[in-house]
Amino acid sequence: MQEGVLEVLVIGGGIVGTGIAREAARRGLRTGLLDRGDFASGTSGKTSRLIHGGLRYLQNYRFGLVRSAVRERDRLLDTAPALVHPLPFVIPAYKGRKPSPRLLRFGLFLYDLLSTRRLPRRVWLRGKAASEREPRLARTDLAGAGVYYDAWTDDARFVLAVVQDAAAAGALVANYVEVTQLVRDDHGVTGAIVQDRTDGAGAEIRAEAVVNATGVWLDRLRSPVATPTIRPTKGVHIFLPRDQVGNRHAVALTTKSDGRLVFILPWGDLTLVGTTDTDFSGDSDRVLPDARDVDYLLAAANEAFPDAGVGRADVVSAYAGLRPLVRHGRGDQAESDISREHEIFVDRDGLISVAGGKFTTHRAMAEAAVDVVQRRLGTAGGNPTPASNLGPPVRPLEEFMALGLPEDIALHLQSRYAPEQVRRHLDGAGTMERIVEGRPHVWAEVDIAVQEEMALTVTDVLVRRLGLFYEAADQAIGRAPEVASRMALQLGWDRSRVAREVEEYRALVRDHRVFREDRGD
């Protein structure tokens with residue numbers, strides 16, 4: 001990136017920043033992308049893992065947002081079939097609780113109307129049929145349920161696929177490179193002073209346009225603003241054993257206590273429950289699930305599935321992230337009512353900042369941001385790139401089983417890699433062995449993460465590339481030393497670096513388990 005002048009430098013490796021870098025590179029702009037941590041290590045790797053239109057936004061008459069989101073969802077189902085998968089939802093209606101059956105049926109009608117009908121249409125089930133569809137769902141006062149479709153994705157791996165596509169289009173990408181200062185002259189922002197966080201090396205990168213896509217950290221780079229741009233809200237999620245919860249499908253329901261929408265989602269043999277939505281005023285670099293949030297979600301799961309009886313001891317893992325919502329007015333809106341629309345700010349110094357929006361609508365946000373970039377550069381704008389495939393190709397399961405893999409491992413790898421990519425990494429020691437007993441992840445994936453996916457730390461591998469932090473019963477803490485040793489052979493780490501990597505991962509796991517010991521005093 002130091003060679004010559006970039007046309008656009010994008011700061012922030014979440015879904016918004018990576019989407020902008022991809023769009024800019026595909027339009028032929030010389031593009032750089034930086035993140036001070038790993039890609040998707042902020043908000044974009046801590047989502048509900050849904051690609052959806054946001055059915056609940058219809059109650060606030062945000063038809064434009066929902067229409068845009070459902071059409072982006074449908075587009076991603078077509079262009080990223082290995083990453084984005086259809087997901088049937090059951091949304092029950094209970095007597096005396098919102099939404100009423102009539103309102104819910106009308107909302108599902110509108111939801112279908114706003115989409116391109118890429119997914120099966122809604123179905124309404126009466127009480128008995130609803131119970132047959134979800135046998136362990138609470139039956140008391142159940143008036144019926146709607147069945148509709150959205151989609152799911154592995155958020156961190158989706159972001160990684162966008163990074164890889166941006167690089168394939170010519171973008172220069174780097175994680176663990178922090179912008180310590182923007183460079184300005186009489187004409188405005190002309191680049192950035194950066195520091196490589198892996199070795200401490202510093203550099204200056206020059207750029208004709210700079211895009212700030214740093215989410216909740218947006219104002220750290222902007223010239224001083226009168227009021228904060230962002231109103232961060234905290235979202236917490238938990239993973240539970242699915243056989244204990246008992247959900248067959250994804251379930252969306254409003255809680256009795258405060259009427260907020262909670263998702264109960266299937267994730268293999270686990271159930272993902274989320275999300276909370278509360279204002280956050282703490283350290284945005286340290287966001288953890290606390291006991292109150294976890295207990296709220298456990299109560300919601302037990303309310304929806306009365307036989308579950310889940311408690312803190314049943315939580316496999318928990319995580320928390322911040323939503324970078326745009327602040328409007330006095331800030332007295334309820335958190336769940338804050339608009340998810342995105343906004344683009346162009347400061348006097350020419351810095352372009354992008355805030356708000358949804359994971360699902362990242363591509364549309366990227367188009368709008370690159371239009372602004374091109375206007376600043378004085379080149380033709382408003383010419384979005386044509387749709388193209390994203391992520392690995394969908395290949396028959398037999399091609400993965402032909403590598404000598406059992407069916408569950410083959411299914412797991414099928415949604416992440418091309419078979420020839422896996423084949424390249426099968427010659428090393430123990431590559432086809434499971435990392436954790438009972439999980440389909442194999443050691444070849446660690447090698448792929450390091451050699452082909454820019455993983456630079458044990459946390460990168462176990463949290464974002466493989467996801468064992470979320471899915472393994474012990475969060476793979478027992479395997480961290482072996483992962484570090486394997487990475488050391490490829491990255492040239494010495495013993496002290498291996499020990500530091502293991503301890504940093506263990507500390508991360510400990511921090512995310514503190515809620516278990518909180519007595520609520």
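Which loop holds Y176? That one is picked up in point 5; here are my notes on this predicted model.

1. Overall build. The chain carries 16 helices and 18 strands. Its radius of gyration is 23 Å, which agrees with the value near 24 Å that a compact globule of 521 residues would have. Along the principal axes, the C-alpha trace covers about 70 × 55 × 50 Å.

2. Packing and surface. Buried residues make up 57% of the 521. If you look at contacts between residues at least 6 apart in sequence, 71% of them link residues at least 24 apart. The accessible surface is about 21900 Å², and carbon and sulfur atoms account for 49% of that. On charges, I get 69 positive and 70 negative side chains, with the centres of the two sets 6 Å apart.

3. Cores. The largest nonpolar core has 54 residues, and the members touching the most others are F89, V458 and Y505. There is another core apart from it, with 43 residues, including I51, V84, A369 and L377.

4. Cis peptides. Have a look at the bond from K98 to P99, which is cis with omega near -5°. P99 sits in the loop between β4 (85-94) and α3 (101-114). P99 counts as buried because its relative accessibility is 18%, under the 20% cut-off. Setting aside residues up to four places away in sequence, P99 touches A93, L104 and T254. Q59 is 40 residues from P99 in sequence, with 9.6 Å between their C-alpha atoms. The bond from G274 to T275 is also modelled as cis, with omega near 5°. T275 belongs to the loop between β14 (270-274) and β15 (278-279).

5. Positive phi. To come back to the opening question, Y176 is in the loop between β7 (172-174) and β8 (177-185). Y176 isn't a glycine, yet its phi is positive, about 60°. With 14% relative accessibility, Y176 counts as buried. A40 is another non-glycine with a positive phi, near 65°. You'll find A40 in the loop between β2 (31-34) and β3 (50-51), and A40 is buried too, at 3% relative accessible area.

Terms used:
Residues numbered from 1 in each chain as written. Predicted model: local features only at pLDDT ≥ 70, side-chain atom pairs only at ≥ 80, totals over all residues. Heavy atoms only, no water. Helix = DSSP H or I, 4+ residues; strand = E, 2+ residues; numbered from the N terminus. Rg over C-alpha atoms; globule rule 2.2 N^0.38 Å. Buried < 20%, exposed > 50% of the residue type's maximum accessible area, 1.4 Å probe, protein only. Contact = heavy atoms within 4.5 Å. Areas by Shrake-Rupley, 256 points an atom, 1.4 Å probe, with all protein chains shown as cover. Lys, Arg positive; Asp, Glu negative; His and termini not counted. Charge placed at Lys NZ, Arg CZ, Asp CG, Glu CD. Core = buried A, V, L, I, M, F, W, Y, C linked by side-chain atoms within 4.5 Å.
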